[in-house]
Amino acid sequence: MARVLNNLAQLLKDTNRLAEAEPVMRRALAIDTYDPAANYHYALVSLALGRITDAKDGFDLASQSMEYRAAAWGELGKIHFREGRL
């Protein structure tokens, strides 16, 4: 079920329907809080919506997975660079 929600949210995100993608991601995370794909895509949606703290949390949890580690760290690096936290 969580995989289906991840795929739906990713599709919504990719078609720039961010307001619709966020509740789907929240549902996926309610099923499995530590799902790396759900956290990564939730973080991308949060970042696009300007919710930096939520994005950091999502990228942090996604970085615990080998599959999303490099991408999540890259996004976290971009956020910290924009904040001037070198």
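Predicted model: local features only at pLDDT ≥ 70, side-chain atom pairs only at ≥ 80, totals over all residues.

Me: Why is His-41 called buried?

Reply: His-41 has a relative accessibility of 6%, and buried means under 20%, so His-41 qualifies. This residue is found in helix H3. Leaving out residues up to four places away in sequence, His-41 touches Gln-10, Lys-13, Met-25 and Tyr-68.

Me: What makes Asn-16 exposed?

Reply: The relative accessible area of Asn-16 is 60%. Exposed means over 50%, and therefore Asn-16 counts as exposed. Asn-16 is found in the loop between H1 and H2. Its phi is near 60 degrees, a positive value in a residue other than glycine.

Me: How do you know that Arg-26 and Glu-22 form a salt bridge?

Reply: The N to O distance between their side chains is 3.1 Å. A salt bridge requires a side-chain nitrogen of Lys or Arg within 4 Å of a carboxyl oxygen of Asp or Glu, so the pair meets the criterion. Both residues lie in helix H2, four residues apart, about one turn of the helix. Arg-26 and Glu-22 are also linked with Arg-51 in a network of salt bridges.

Me: Why are the accessibility labels of Arg-26 and Glu-22 what they are?

Reply: Arg-26 has 44% relative accessibility, and Glu-22 has 12%. Because buried means under 20% and exposed over 50%, with partly exposed in between, Arg-26 counts as partly exposed and Glu-22 as buried.

Me: What makes the pair Lys-56 and Glu-83 a salt bridge, and which parts does the pair tie together?

Reply: The closest N and O atoms of Lys-56 and Glu-83 are 3.0 Å apart, and the limit is 4 Å, so the pair is a salt bridge. Lys-56 lies in helix H4 (residues 52–62) and Glu-83 in the segment after helix H5 (69–82), so the pair ties together parts that are 27 residues apart in sequence. Lys-56 is partly exposed, at 21%, and Glu-83 is partly exposed as well, at 38%. Glu-83 also meets Arg-85 in a salt bridge, at 4.0 Å from N to O. Arg-85 is exposed, with a relative accessible area of 52%.

Me: How many salt bridges does a search of the whole structure find?

Reply: The search finds seven.

Me: How do you know that Asp-35 has no salt bridge?

Reply: The nearest side chain of opposite charge, that of Arg-3, is 7.2 Å away. A salt bridge needs the atoms within 4 Å, so Asp-35 has none, although this residue is buried. Asp-35 is placed in the loop between helix H2 (18–31) and helix H3 (36–48). Neighbours within four places in sequence aside, Asp-35 is in contact with Ala-2 and Asn-6.

Me: What makes up the lining of the largest pocket?

Reply: The lining consists of Arg-3, Asn-6, Asn-7, Gln-10, Asp-35, Ala-37, His-41, Glu-67 and Tyr-68. The elements that give two or more residues to this lining are helix H1 (2–14) and H3, and H1 provides the largest share, four residues. By class, the lining has two nonpolar, four polar and three charged residues. The space in this pocket is about 160 Å³.

How values were computed. Residues numbered from 1 in each chain as written. Heavy atoms only, no water. Buried < 20%, exposed > 50% of the residue type's maximum accessible area, 1.4 Å probe, protein only. Lys, Arg positive; Asp, Glu negative; His and termini not counted. Contact = heavy atoms within 4.5 Å. 1 Å grid on protein atoms, 1.4 Å probe; cavity = no way out; pocket = protein on both sides within 12 Å on 5 of 7 lines; lining within 4 Å. Points joined across faces, edges and corners; volume = space filled by probe spheres on them. Nonpolar A, V, L, I, M, F, W, Y, C, P; charged D, E, K, R; others polar.
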